[in-house]
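Visitor: I am new to this structure and would be grateful for a close look at one part of it. Please start with a single residue and then lead me on to the charged side chains and what surrounds them.

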Amino acid sequence: MKYKRLIITLSCVLGAVLLCTILCFTLFRLHGVSLNFKNQTTLFNTQQSQNQIISSAEINYGVPIFALNKSNIKQNLESKNPYLKVINIETAFPNKLIIHCAQREETFVIKSREDRFYVCDEELKVLKVYDSYTTSQENAVVVSGISVLNNAATIGDFLVLYEGQEVINNISNAFASCNKTIADFKAMFKSVELIYENNFYAGKITPTLKFVTYDNFLIEVQNANGYLATKVNLMLSIVPYKAEYYSTHKLVIDIDPNNIQTIKTILEVI
């Protein structure tokens, strides 16, 4: 009787293992992969282009869906498709993957002091590299005054800056907080220069961002690592209503860190 119970127990265990194995390689084996874009895409808007993206991931369709290495899939996708940003990879049981992604937008053109032009998105991922560059209201905004540490960076790499990395990364976030898109940013400004100078309120050397509009209106945002979103909001509220100052004046914006209500705005003749 004792051995009979043991045999029954082992048979149940082996049966369960066998059933799980069969399910893993039938029901749970990867059957389909789809892309879900979170923004409007102009590069990947055809089925053929999306199929090419999925193929570039080199996904093993012969393994159970929960055994897939999502990190490797993401790395393959982003390294082989520079304009693709993978947000996350969703497991849709029993046998599908949904890749939530977005098309990276050309946001900044980082002009290095070695006179190379790196076209980057807001995360400073390199999308293109040029020896010369002409800006327009549809193209990315030229950012100068930058030293690039990895000056041998190529398409698909992320730029590492000697200084100002956080300031540059925060520009798009500041505009987004003011309900402005990357397209709005590119349409308004043709260039941004990053310099470091002595700041009155901070009492130390801080970064200043010099924004130049297509009407050649210069806006200096001083102490750009403090209250940047507030300063950008002020800048956007003033610039559209000061057309008479274009080409002849500049706007200086700063905020007293000890009293956020104190805002310095000076229109000076250039």
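**From one residue to its surroundings**

Guide: Ser55 counts as exposed because its relative accessibility is 52%; buried means under 20% relative accessible area, exposed over 50%, and partly exposed in between, with a 1.4 Å probe and protein chains only. The model is predicted, so local features need pLDDT of at least 70 and side-chain atom pairs count only at pLDDT 80 or more, while totals for chains, interfaces and linings use all residues. Residues are numbered from 1 along each chain as its sequence is written, and side-chain values use heavy atoms, leaving out hydrogens and water.

Ser55 belongs to helix H2 (residues 47-56). Helices (H or I, at least four residues) and strands (E, at least two) are DSSP runs, numbered from the N terminus. Between the C-alpha atoms of Ser55 and Leu77 the distance is 9.0 Å, although 22 residues separate the two along the chain.

The charged side chains come next. A salt bridge is a side-chain nitrogen of Lys or Arg within 4 Å of a carboxyl oxygen of Asp or Glu, and by this rule there are 7 salt bridges. In one of them, Arg104 is joined to Glu78, with the closest N and O atoms 3.6 Å apart. This pair links distant parts of the chain, 26 residues apart: Glu78 is in helix H3 (residues 70-80), and Arg104 is in the loop between strand E3 (96-103) and strand E4 (108-112). Glu78 counts as buried because its relative accessible area is 14%, and Arg104 is likewise buried because its value is 4%.

Arg104 also meets Asp121 in a salt bridge, at 2.5 Å from N to O. Here too distant parts of the chain are linked, 17 residues apart, since Asp121 lies in the loop between strand E5 (117-120) and strand E6 (126-130). Both Asp121 and Arg104 are buried.

Another salt bridge brings together the side chains of Lys128 and Glu106, at 3.2 Å from N to O. Lys128 is in strand E6 and Glu106 in the loop between E3 and E4, so this pair ties together parts 22 residues apart in sequence. Lys128 counts as partly exposed because its relative accessibility is 30%, whereas Glu106 is buried, its relative accessible area being 19%. Salt bridges with shared partners also join Glu78, Lys85, Arg104, Asp121 and Glu123 into one network.

Strand E3 leads on to a sheet. Three strands form an open sheet of mixed pairing, in the order E1-E3-E2; two strands pair if DSSP finds at least two bridges between them. Strand E1 (32-37) and strand E2 (84-92) are the edge strands, each pairing on one side only. From one strand to the next, the twist averages 25°, where axes are lines fitted to C-alpha atoms, for helices over the stretch in contact, and angles run from 0 to 180 degrees between N-to-C directions. E1 and E3 run parallel and are joined by 6 bridges. Ser34 stands opposite Ile98 in E3.

Finally, the cysteines may be considered. Cys101 is buried, with a relative accessible area of 0%, and for Cys120 the value is 0%, so Cys120 counts as buried. A disulfide is a pair of cysteine sulfur atoms within 2.5 Å, and the structure holds 0 disulfides.
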